[in-house]
Amino acid sequence: MTTHIPDADRTAWEQAGVRLDLDGELATVTLCDPGRRNAQTPAMWRALAAVGRALPGTVRVALLQAEGSSFSAGLDRAMFTPEGIPGETGFLQLAASSDADLDAAIASYQEAFTWWRRADLVSIAAVQGHAVGAGFQLALACDLRVVAEDVQFAMKETSLGLVPDLTGTKPLTDLVGYGRALEICATGRRVGAEEAVAIGLANLAVPAGDLGSAAKDLAAALLSAPRAAVIETKALLQGAGGRDYDAQRAAEREAQARRLRDIAGL
């Protein structure tokens, strides 16, 4: 459908490997560089961040998917080479920069991963094949994950002498617990579909051919509930980990009071 988003922006995003399609209250964001297994670059991260900023306020559900056999093979390894990626600051150059510049660079990369959990929408990642490193963290950035039976999650940063720094450590720990999160990150091992569902990393696993329809069915189910009720519920659940039992009870009462008054037109 047509939107107010300029064609030049859409073209630039697609050149960086990201496509945005809008259909009413559903936004579909597609990683569209299958020839490179959707390897991630700073240009892709800038595009993802820009897509998040450009979403119309009417969007309620954001569906993240990827073309090809892999969701994302992770970071483009050229970032580690002396030559780097043309037009980008390579990691060797970043390492030699000031503390402030290095911190600012990583913060800018993280912007691609932060908006998926914002309060006014629910995000779904549909994940097939390899979701490695930055790819794993992009899937973790979403609220929900539907995976194909061939999925292989792996956090390879530690194996490279690095740490996961694209917002993945918090959701991973929240989902699977500290001990399992440490083991997955420190070993860099693969987590398949069956285990992902069993440990709470994925909501649902389906045959690869059914991944797209399963994700769309979940999006439709989310869109069927009143928006304000979903937003209030998401806020309650997001904040539950930081509240004790009585504080959560109070938050529930406050949220319900808002809903009742809104329904009553008060």
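Residues are numbered from 1 along each chain as its sequence is written, and side-chain values use heavy atoms, with hydrogens and water left out. Because the model is predicted, local features need pLDDT of at least 70 and side-chain atom pairs count only at pLDDT 80 or more, while totals for chains, interfaces and linings use all residues.

**Stop 1: helices H2 and H4**

Select residues 42–54, which are helix H2, and residues 99–114, which are helix H4. Helices (H or I, at least four residues) and strands (E, at least two) are DSSP runs, numbered from the N terminus. Two packed helices are described by the angle between their axes and the distance between the axes. The axes of H2 and H4 come within 8 Å and cross at roughly 50°. Axes here are lines fitted to C-alpha atoms, for helices over the stretch in contact, and angles run from 0 to 180 degrees between N-to-C directions.

H2 is therefore oblique to H4. Angles under 35 degrees count as roughly parallel, over 145 as roughly antiparallel, 65 to 115 as roughly perpendicular, and the rest as oblique. The crossing of H2 and H4 is left-handed: the near helix is turned anticlockwise from the far one by less than a right angle, whereas clockwise would be right-handed.

Now show the side chains. On the H2 side, Pro42, Trp45, Leu48, Ala49 and Arg53 meet Tyr109, Glu111, Ala112 and Phe113 of H4. Contact means heavy atoms within 4.5 Å. By class, the contact of H2 with H4 has 7 nonpolar, no polar and 2 charged residues. Ala, Val, Leu, Ile, Met, Phe, Trp, Tyr, Cys and Pro count as nonpolar, Asp, Glu, Lys and Arg as charged, and the others, Gly among them, as polar.

**Stop 2: aromatic rings**

Stay with Trp45, Tyr109 and Phe113, which form one aromatic cluster. How many aromatic pairs does a search of the whole structure find? The search finds 5. Rings of Phe, Tyr and Trp (its six-membered ring) pair if their centres lie within 6.5 Å; planes under 30 degrees apart count as stacked, over 60 as edge-to-face and the rest as tilted.

Next select Phe80 and Phe91. Their ring centres are 5.2 Å apart and their planes are at 80°, so the pair is edge-to-face. Phe80 is in the loop between strand E3 (61–66) and helix H3 (91–95), and Phe91 is in helix H3, 11 residues apart. Phe80 counts as partly exposed at 29% relative accessibility, and Phe91 counts as partly exposed at 21%. Buried means under 20% relative accessible area, exposed over 50%, and partly exposed in between (1.4 Å probe, protein chains only).

From H3, move to Ala96 in the loop between H3 and H4. Ala96 is exposed, with a relative accessible area of 68%. The C-alpha atoms of Ala96 and Met79 are separated by 14 Å.

**Stop 3: two positive phi values**

Most residues other than glycine have a negative phi. Select Asn38, in the loop between strand E2 (26–31) and H2. Its phi is near 55°, a positive value in a residue other than glycine. Is Asn38 buried or exposed? Asn38 is buried, with a relative accessible area of 0%.

Then select Thr167, in the loop between strand E7 (152–154) and H6. Thr167 has a positive phi of about 75°. Thr167 is partly exposed, with a relative accessible area of 24%.

**Stop 4: helices H6 and H7**

Select residues 169–176 for H6 and 178–187 for H7; the two helices pack at an angle of about 130°, with their axes 7 Å apart. H6 and H7 are therefore oblique to each other, and their crossing is right-handed. Leu172, Thr173 and Val176 in H6 meet Tyr178, Arg180, Ala181 and Cys185 in H7. These contact residues divide into 5 nonpolar, 1 polar and 1 charged.

**Stop 5**

Leu204 is found in strand E9 (residues 204–206). Leu204 is partly exposed, with a relative accessible area of 38%. Leaving aside neighbours within four places in sequence, Leu204 is in contact with Arg145, Val146, Val147, Val197 and Ala214.

End at Arg259 in helix H11 (residues 245–263). Arg259 counts as buried at 14% relative accessibility. With neighbours within four places in sequence left aside, Arg259 is in contact with Ala228, Ala229 and Glu232.
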